[in-house]
Structures are given as C-alpha cells and as structure tokens.
Amino acid sequence: MHRGSRLWTRRQLVHAGGTGLFGLSLPRLLAADAARRASARALQAPAGQRAAAKSCIFIVTSGGLSHIDTIDPRPGAPAEIRGPYAPIATRVPGVHVTEMLPRLALLADRYTLVRSLSHGDTVHVTAAHTMLSGQPDGTPQNNSPFIGSLVARFRPSTANVPSHVWLHNMKTGTNKVPRYESGLNVLGHAYAPLRVGEELDNPADQPDFRVTDFDPPGGLTTGHVTERFRLLEQLDRPLAAAEAAPDERFRGFQQKARELVTGAAARAAFDLSGEPDDVRDRYGRHPLGQYCIMARRLVEAGVRIVTVTAWPGLAPGETKPTVTQVWDMHDTCYGPGESMFGNGPFGMQWSLPRLDQAVSALLADLDERGLLDETLVVLVGEFGRTPKFESLGRGRGHWPQAYSALLAGGGVRRGAVYGESDRQGAFVASGRPIDHADFGATLFHALGIPPELRWGPDGFSFRVSDGRPVEELFG
C-alpha cells in the first residue's frame, strides 16, 4: 500500500488472499471452516453414537487382487482353479491364507477377513470409482465424491495437517485411473486429497524425496510469508473504524494458514528421514513399504484418511514403471513361459512378498504404538480375479461376483472371518453379500459418520451413503 491509499475492507483482503497476493487461499480456508462447524453440529445428532476410529488408512490394490491366490485360498478346488500356492495356517485356528503371505498369517488375530464382497461391475474405471466413492453398483456418477473427501468434509482434522492425503498417484493413460477430481464441483476443492508421489518420484526411489506442497509460493521465503501475515494483522487493526472487526473464525483460519505455510508440523509428518533404518527396513525399502510408514506418520499427526496405492515398485528388469496397477493379471500381460505367478511387473512372486511385508509391518507397528484400535486399516481392490484361468492359462480375468478384503483396527473385530465364498471361490456361499455401497457405509460407520447424514449445496440433496453398514464386523 502506498501513502494516501484508503483502508482495505475485510472483503478486499479475502479477495486478495484468493488471488494470491498473500500466497494463501483464504476463501477456501473459510469455507472449510464453515463446513467443519456445520459438520460438527450434524454429527452430534445421533444420540449415543461414538466413533471408534479417529482415522483410516485405505490401501488400494488397484487392478483387482486375486482373492484365491491370497486371502481366500481354495485348497479343495481343481488345480486349474486353486493355483500353485498352498494354503498355510494362520494364528487363528481354522483360518488359512496362501503361503505367499506368511507375515500376515502370523498377525491374523489382529484383523478380520471379509470374504463376501460382491457386485456386478467388471470395468476397472467404474468399479474403482464406485469402490472409492462408496456408490451402489451401476451408479458411478462423475460428481460422486470419494469416501476420503466425505471424511474430510464431515470429520476434518483438528490438527494443523491436511484431512485427506493420497500417497502415490495412479499411472496416467490407463482406464484404471480413479477420478481423483470427481465430485469436487459439488463438494468443493477444500476436500480434494493432497496427492503425493508419482512413478519414480517416491520415497523409496528418491533418497532426498520431500513433499513441497507446504513450501512458500515461488520466489518467497518463509520470512517473506511471515511478513505478509504480519501485514495482514496490521491491516486488521484499523478495520473496526470502517466496519466490524474480523470474527474469531476469520482469525482462526488466518492462523491455520500461517502455521501450514510457516510451521513444521505438516512437513514433519511427511518426512521419513527421522525414521530409524531398522523401521524402514521392516516395512520394506520399496514404494509400498515406505508409503505405509508415511501413512502411519500422517495418522499420528492427525490426518483423517490416507489412501495408499499398493504399488510395490519396479520389478526385476524394469527401469521405469510398466504400470502401477500391478494386480491386473490377465493372460495378455505375460509372454510364453510366463504367468501371474512369476517375478515380472504383473507377477505375484515379486509383488505379494512386498504387500505381505508392508501391510504386516503397518499393522504390527500401529498395534505396538497403541494406534490400531483408533485407526481403521483397509486393504481392498475394485474386484477379484476369475476362479478359472483365462484361455492361455497364464492369468485370471476380472471377477466381482465374490472377492475379499482385509479390515483391521477402528473397532473391527480381531481374529475373525466374515462371509464365505463357494468351493471354487466364484460366488458368495454364506454371509451377506457386500457391495461397494455397503462397504463404504461400513467405513463411514467405523469413523462415526452416520451413512444417513445428508449434505449438498442445499444441505439435504445427498446422503453420505445409500449402503447399510455391516455391523457384525465390529465388537
């Protein structure tokens, strides 16, 4: 401001923040604050309901993990169905997984296996969208927000960190990329995930990997940003003479914006350099393992929901990623003499040990730190794989009629199995068939967000979920 200029009104200051004059998006922060207050009032409505889970780590096996070859083995099925992996006993009597998951087998008393997931969509992009948005099968609307965005809307973080983080972007140029921005025109960009990492830009492949989202705007230092905040405070003081002073909400979010940009809390949550080498080795020095450590650090810091793309990293012989949806194991992915049981980019000999290592380390670490009871951990894909091998006998196709998920923490029962597939792993034989809407409603239930809660531009057009929670999973 130069001499002789008139005092700025609060509205003009807010507009200045939105246009980047101060390097901040104050309208977005104020909108998020209003939503937070409205959400808090709405969540008080259901009497006696209390969330067991404070946060969620949602691990996505994008492409479709084979349930038969992992957590729902079929030892009594013919060889052309059961595959080469033998079932092994877990710590829970009578419960088996395949020999490729020995570490998870030892932790079976800390999670529940759900073996009755079922829907009718065999297309990656729509099935992934309904899974990640908790929508009913056949209704993958472009404006359906992801579960993570609704969690950020109704249970935003109270700490000075983002509410919703997505670790590792899906590889572009495929039909399996979820619609990251879906629903944002309805819900608002304040609830979009903070997306971290892509292909070889990840904490396993880059020794100096760091998240730059909290760096000051280009050309500015932290000192410059601090000075701009001081200017805001100075400009606020004389406002009382021209109009009403800023309310507590405005001041609170000025401070939150300041702490995000100049503070250390958010940066520290993403920084793995402080983790001991033995901890990083325990999780695995591959992208999935290092992202699982980061996810644990983020929920410790107060992030509400962290989505992790289950990409195990470069396979032997790869110099750049062939695909990050490594669980999509079709015949056509393999050459002569190869199969889904090999050591290549789509091979389970390479990917399953890394999945086993990372997820088991995460569950054990959360439990040892006293965080598992308040952190819901989910491992799931958009569908499973066909019981029968495809025509060449090298891989399995898409199969949504019956498949499995692993759930732990957040009030979920320990050492349990819910539902059962038939002898061939083809259809649900017992237990309630759980579609994407019911699965999403179950996650909302665990996080203390009533599925019947209404929202929308008018406050009531949409329900959080049209599904029915599987309450038998809890207790």
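Why does Trp455 count as buried? In this predicted model, Trp455 counts as buried because its relative accessibility is 5%, where the cut-off for that class is under 20% relative accessible area.

**View 1. The aromatic pair of Trp455 and Phe462.** The rings of Trp455 and Phe462 lie 4.9 Å apart, centre to centre, with 40 degrees between their planes, and the pair is tilted. While Trp455 is buried at 5% relative accessibility, Phe462 has a relative accessible area of 31% and is therefore partly exposed.

**View 2. The aromatic pair of Phe146 and Trp166.** This is one of five aromatic pairs that a search of the whole structure finds. The ring centres of Phe146 and Trp166 are 6.0 Å apart and the ring planes stand at 35 degrees, so the pair is classed as tilted. Phe146 belongs to the loop between helix H5 (124–133) and helix H6 (147–154), whereas Trp166 belongs to strand E5 (residues 164–169), and the pair thus links distant parts of the chain, 20 residues apart. Phe146 and Trp166 are both buried.

**View 3. The ring cluster of Tyr85, Phe341 and Phe389, with Arg396.** Tyr85, Phe341 and Phe389 are linked into a cluster by ring pairs. Over the ring of Phe389 sits the charged end of Arg396, at 4.1 Å from the centre of that ring.

**View 4. Arg153 over the ring face of Phe154.** Arg153 is placed over the face of Phe154, and the distance to the ring centre is 4.7 Å.

Terms used:
Residues numbered from 1 in each chain as written. Predicted model: local features only at pLDDT ≥ 70, side-chain atom pairs only at ≥ 80, totals over all residues. Heavy atoms only, no water. Phe/Tyr/Trp six-rings, centres within 6.5 Å; stacked < 30°, edge-to-face > 60°. Helix = DSSP H or I, 4+ residues; strand = E, 2+ residues; numbered from the N terminus. Buried < 20%, exposed > 50% of the residue type's maximum accessible area, 1.4 Å probe, protein only. Lys NZ or Arg CZ within 6 Å of the ring centre and 35° of its normal.
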